[in-house]
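Please read the points alongside the structure shown below.

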Amino acid sequence: MKGCIFNIDGGYLEGLCRGFKCGILKQSDYLNLVQCETLEDLKLHLQGTDYGTFLANEPSPLAVSTIDDKLREKLVIEFQHLRNHSVEPLSTFLDFITYSYMIDNIILLITGTLHQRPISELIPKCHPLGSFEQMEAIHVAATPAELYNAVLVDTPLAPFFVDCISEQDLDEMNIEIIRNTLYKAYLEAFYEFCKQIGGTTADVMCEILAFEADRRAIIITINSFGTELSKDDRAKLYPRCGKLNPDGLAALARADDYEQVKAVAEYYAEYSALFEGAGSNVGDKTLEDKFFEHEVSLNVHAFLQQFHFGVFYSYLKLKEQECRNIVWISECVAQKHRAKIDNYIPIF
Amino acid sequence: MTLCQLFLQSEAAYACVSELGELGLVQFRDLNPDVNAFQRKFVNEVRRCDEMERKLRYLEKEIKRDGIPMLEIPGECPEAPQPREMIDLEATFEKLENELREVNQNAEALKRNYLELTELKHILRKTQVFFDEHEGGANTTESMTRALISDDPNKHMGHVQLGFRDKQESLEFLPCFVAGVILRERIPAFERMLWRACRGNVFLRQAEIDSPLEDPSSSDQVYKSVFIIFFQGDQLKTRVKKICEGFRATLYPCPEAPADRREMAMGVMTRIEDLNTVLGQTQDHRHRVLVAAAKNIKNWFVKVRKIKAIYHTLNLFNLDVTQKCLIAECWVPALDMETIQLALRRGTERSGSSVPPILNRMETAEEPPTYNRNNKFTSAFQHLIYAYGVATYREVNPAPYTIITFPFLFAVMFGDLGHGALIAIFGFWMCYKEKPLQAKKIDSEIWNIFFGGRYIILLMGLFSMYTGLIYNDIFSKSLNIFGSSWRSNYRNDTLADNKLLQLNPDSEDYLQYPYPFGIDPVWQLAESNKIIFMNAYKMKISIIIGVFHMLFGVCMSLWNHIYFKRRISIYVEFIPQIVFLTLLFFYMVLLMFIKWTSYGPTPGKLGSDDPDVIRTSAYCAPSILITFINMMLFKTDPNTRPQCDDVMYAGQMGLQKMFVVVALLCVPIMLFGKPYFIMREQKQQARSQPLGAGPEGAEGAQAENGAAAGAPAEAPHGAHSHEEISEVFIHQAIHTIEYVLGSVSHTASYLRLWALSLAHAQLAEVAWNMLLRKGLMSMGFQGGIFLYVVFAGWAAISVSILVLMEGLSAFLHTLRLHWVEFQSKFYAGEGYLFQPFSFEVILDSAGQAEE
């Protein structure tokens, strides 16, 4: 029944999104891109794909940052178009997606101000999807409480921030904790929201978000080794909507080194496979890349089902991965460092 | 169409390809499909062209922004420039772009300066109001906020920040403030943020700037507001400043003393005036540069696009091992070889190369592209055909016949002199004004569809006028040009008393000769049986036209079979098909003519009992439909009326039975004939091959069954051929079923000619009776006004519904009759289009993409 009425509000946008998805570069495109000698070649090849003339008005010589900006600009325009045409509950769903970029932006700005960078230098580095009105005035705040009271209380992030107010001051460690607390709250809220939508959306999105949560938990654990973060504090940062919850998270909280994390992951089929293939040797893929690969495959699977919102999320994530890939390849091309050029993550 | 190999000397290649591009008769094949776009030989040149195009686009954008008209290219299109000219062009563009960018930069800086000054001017003006207000208001009525400002700092806050107060002691009111300008839409958030961040210890006043200001970087018009913030203390000051920065508000110094402010305002005004003159000069300079560029920009665009197209084409070529010459493969119309040779020679001369290019014909097994030469008249019809499918190479092209049959079938459905005339006038106007309209380049899609089909529309209109005359139908009324052949011999009182009266054709009422052209206008008066009469006539006409149209289609397949040397197909496909159609459906058409000629009233014998008279009277005329059905069922009509014959002519029953049997016998021939022959040939091949009959035998057989779709080029093996045969069987079965069932359904399908014609006539009549007639019947002065109004309604309905909608529907039905009923008899449409390398096409598509 839900499928029948889905198309009334979401049909056009889903169709649009699937159309956009068809423009995602294929393996053959990557094979061609990898062969490029210069960025001009890259531009020429991208002209033949769905990107069309997105670089046509850029004077040469091209810089990687220009390519990156333009790629992002195109993605943002597409996403904004979807967002502007959406109605409830899809619009809230799409807003939820942008919250993660907001969190990143806030953290970026706070860290920047902490290092005495002028705000005008930081603003262009923010992701346009996560920009909000009060963003640029963020350096007014000196403590988390102030940050909340002055800046964030009007933004949709306010409910996520409630847990962080207790922190004393903004130093590097605390910023990291704030970021992860925010993320935890955000992921859990998003998870709840998708569940509440129900239907296929819940099926698809909960799977993806659960993975996202687990990935964060694992990465937090691994990164926390050798820092002053206590195990209790660490456990507080784990998002509790993943598959690791509750036993896996409890085990992670006790972990002391990489091997123990790996042992925890052993109990979960999909994660043990990721740890299996990862390694720090030359030629091996890093754990991060393995996670990205898994994320890509999850997102690609989202397109197998119809009448749900997951496609929008997945499209954005896939496209982001594609941007990362193109930027990686262009960096390799620009720096003539071809040895690692194949380390991109193919999507289709 | 032949495949040719073209050897071009490297130096001459550019000029030769340019000549060929002007000619537009050669389709080049990509000889390096495996090579990436960026690994081809002339990729650098293509890139340079891209760069030039980018510069031109930048120029164009700037020109458009200033609203300078761009000159169309006068007369001839410029030729593709020589490669060395390319460098000049590049230099020119580079210079122009740099100049323009510099001017723009200057202008932007100036504008920014100007903006700042204007903002300052506004601030000074508005803050003046705030201060004045405050001074005046502080003593008299005090609002809540003002109470906060003037009381708080002095009484409560003042104690906390004593040191600060000392400094400002002399000032009666607010100790410290900043003034600035902010985008109007950011005000609410700004205000809220200030309140929160400073815990309510600041006071903000704002006033809107009424006139929009120009944003120098994007040159958009934006609305802004002036604000002034009063606060106390340094800490708050940094905080406020940070927030202002965060909201991209621009802060300006604003003196506290009114005299200072006035002085500053004066200074600002003079500086603004100075700036205005400088800005004007900059703009003038920019304008001059752009006007100069606007004169040539279209010309440059054409040149650059031509160069780019040439290099793209050169990228398709193969490089000779010695790097001395380029090798191209191309499809060339066989008749145009001479012209192409000439063009190549011209190209060689232009480039000054001594070695002539070589154009070799190549043998190929590949299917060549289809190329039908068209002029502006036939191309519209050709496109109707191509919309269904591009003809297989060398297949009969139905387009020439469509030129007549298409408007004709349309007209049968749309038969109305008046509406037809409207269409014809519209079509004629488009054809007459062809050149100016074409030059206008109107962007509307609907208009382009109409304009593209202007000749079709003109012909449809003319043919509709013709059929309208035959139907004697003009806006649902009739014309009595030659005088009706019918007279009423009733007395006047009889006419007055009776609603319906009969006119008998075998009495004095009929002049015994028919109305010379078309339907007698007397039928317009026959309210009770006009439709019955017209239906019988139009239905029969539809079937007759349909059967002839289909027979014509089947005959066309004969030309295809002969051309492709499919002898078997002629015997087991074409002949049974034509026999089937003739014996059943053409016979039905014949019956109609027999009925028309042999039944009818005998003059002067009204009410006669003579059996001969009765037998040929309308009373005894059989129904063709019933006769035809009975013929198929092998039975005689049991319901014949007394005194009438069972048959229309002697020996009818026997002949009909024979026809049906022969026609039915054709079905198995169509079904099994071709597979049988193909199977036999394959067996012969299999037998002859071990004997060493060799390739000749196989080839000969291949030529025979060339029609067998998908027959492999090599002699097939046993198991393989078996599969092949079953496929042939299925294919043939589908074909036969389609044809046999199709004959019935297609014949019935032509009845749409009648149905649409009827619908059109009835709709026209309704429009007349319901609207215009009412208007015409109203009397007096008011009647005139009423008629005026009603005519507008009638005319609107006539044009929108009867001409446009009905016309569209009739058009679509005609299209269907051609695509399905006519072309399915012979047209495979499995070819692909000849797309020559032509500058014209490339420039056109580039122009369209731009718009």
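1. Across the interface of chain A and chain B the rule finds one salt bridge, a term that stands here for a side-chain nitrogen of Lys or Arg within 4 Å of a carboxyl oxygen of Asp or Glu. The pair consists of B:Arg47 and A:Asp41, whose closest N and O atoms are 2.4 Å apart. On the side of chain A that touches chain B, the elements giving two or more residues are α3 (39–47) and α7 (144–151) of chain A, where helices (H or I, at least four residues) and strands (E, at least two) are DSSP runs, numbered from the N terminus. Of these, α3(A) gives the most, with five residues.

2. This is a predicted model, in which local features need pLDDT of at least 70 and side-chain atom pairs count only at pLDDT 80 or more, whereas totals for chains, interfaces and linings use all residues. Residues are numbered from 1 along each chain as its sequence is written, chains are lettered from A and ligands numbered from 1 in the order in which they are written, and side-chain values use heavy atoms, with hydrogens and water left out.

3. The contact (heavy atoms within 4.5 Å) takes 27 residues from chain A and 25 residues from chain B. Between them the two chains bury about 2400 Å², 49% of it on carbon and sulfur atoms; buried area is the accessible area (1.4 Å probe) that two parts lose on being put together, summed over both. In chain A, the residues that lose the most area to chain B are A:Leu44, A:Glu133 and A:Val140, together 24% of what that side buries.

4. Over all chains, the count by this rule comes to 43 salt bridges. One of them joins B:Glu366 to B:Arg29, with the closest N and O atoms 2.6 Å apart. This pair links distant parts of the chain, 337 residues apart, with B:Glu366 in the loop between β11 (358–362) and α10 (376–388) of chain B and B:Arg29 in the loop between β2 (27–28) and α2 (43–65) of chain B.

5. B:Glu573 and B:Lys674 also meet through their side chains in a salt bridge (3.3 Å, N to O). The former lies in helix α18 (residues 567–598) of chain B and the latter in helix α21 (residues 652–688) of chain B, 101 residues apart. Both B:Glu573 and B:Lys674 are buried, meaning under 20% relative accessible area, with exposed over 50% and partly exposed in between (1.4 Å probe, protein chains only).
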